[in-house]
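Subject: A structure for you to look at, with notes

Dear colleague,

My notes come after it, and I would be glad if you checked them against what you see.

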Amino acid sequence: IGDYFLARAVWLTFLDVILALLALLWLRLTGWKLPGWMILAYLLFTLGCYHTLIPWLNGNAIILSAFFLALSLLTMRSGRYEVAGVLLALVMIQPVALTLAVVFILLWSASQGRRTLLFSFWGTLILMIVVGVFIRPDWPLQYLRVLVRFVEFTGGASVPPPSTLGAVLTGWWPGVGRQLGWGVTGILTVILIVE
């Protein structure tokens, strides 16, 4: 698509559809039965929450990775391990975010003797890497460059961005921010323990 704004609109619309399907897939995976009006509220909440909205606004491929992860788990449940392995390899289009989940699934698969899933995962992953190198030979170097820049951006700055609520509150209110941060953390810990 030659027009950038049209291309972005098409991509974000595609991601919107994937997000709605992803929300419904997670409902199916968990077996959670909701009345019709509650499904609408669930979809609105899912599509409007921070952890969905930010990747969507950025046009991030993590949405596709999460979708492939849900599809992989769904196909594993139905016993189609060869398809699940292919879908699990597709999760790796955004490896930084979901590698731990993939590692746990592969460890489970190995412990359960599900070799079909392991072979289809590794075969698909190697095939994607080889095809990617043929299409763009320097992509591994470009990817490593992006990772290095990401590390420099997040950790190499002289003043790293605040990463906790206490750090943010201390930045806003140097006198009482730290105590407020500990207070909110304590209250949320108690709520979590009660739940």
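Residues are numbered from 1 along each chain as its sequence is written, and side-chain values use heavy atoms, with hydrogens and water left out.

The chain averages a pLDDT (the predictor's confidence in each residue, from 0 to 100) of 86, and 93% of the residues score at least 70. Confidence is highest in helix α5, residues 81-91, at 94, and lowest in α8, at a mean of 73. Helices here are DSSP runs of H or I with at least four residues, strands are runs of E with at least two, and both are numbered from the N terminus. Where pLDDT is low, the predicted coordinates should not be read in detail.

Which residues line the largest pocket? They are Met-92, Ile-93, Pro-95, Leu-125, Met-128, Ile-129, Trp-139 and Tyr-143, and the volume of this pocket is about 310 Å³. On a 1 Å grid over the protein atoms alone, a pocket is an open set of points with protein on both sides within 12 Å along at least five of seven lines, whereas a cavity is a set where a 1.4 Å probe fits but cannot get out; lining residues have an atom within 4 Å of a point. Grid points are joined across faces, edges and corners, and the volume is the space filled by probe spheres set on the points. Both α7 (115-135) and α8 (139-155) supply at least two residues of the lining, and the largest share, 3 residues, comes from α7. By class, the lining has 8 nonpolar residues, with no polar and no charged ones, where Ala, Val, Leu, Ile, Met, Phe, Trp, Tyr, Cys and Pro count as nonpolar, Asp, Glu, Lys and Arg as charged, and the others, Gly among them, as polar.

Helix α7 also holds Thr-124. Is Thr-124 buried or exposed? It counts as buried because its relative accessible area is 16%, and buried means under 20%, exposed over 50% and partly exposed in between, with a 1.4 Å probe and protein chains only. A polar atom of the Thr-124 side chain lies 2.7 Å from the backbone oxygen of Ser-120. Leaving aside neighbours within four places in sequence, Thr-124 is in contact (heavy atoms within 4.5 Å) with Val-86 and Ala-89.

Val-91 belongs to helix α5 and is buried, with a relative accessible area of 0%. Beyond its neighbours within four places in sequence, Val-91 has contacts with Ser-65, Phe-68, Leu-69, Leu-98 and Val-102. Leu-98 is also a contact of Ala-66, which, under that sequence limit of four places, touches Leu-22 and Trp-26 as well; Ala-66 sits in helix α4.

In helix α6, residues 95-111, you will find Ser-109, which is buried at a relative accessible area of 0%. Not counting residues up to four places away in sequence, Ser-109 touches Arg-114, Leu-117 and Leu-118.

Two loop residues complete my notes. Gly-79, in the loop between α4 (62-77) and α5, is partly exposed because its relative accessible area is 40%, and its C-alpha atom is separated by 25 Å from that of Gln-94, 15 residues apart along the chain. Thr-164 lies in the loop between α8 and α9 (165-172) and, at 45% relative accessibility, is partly exposed as well.

With best wishes

Technical notes. This is a predicted model: local features need pLDDT of at least 70, side-chain atom pairs count only at pLDDT 80 or more; totals for chains, interfaces and linings use all residues. A polar contact is a pair of N or O atoms within 3.5 Å; within protein, one must be able to donate a hydrogen and the other to accept it, and residues adjacent in sequence count only if both atoms are side-chain atoms.
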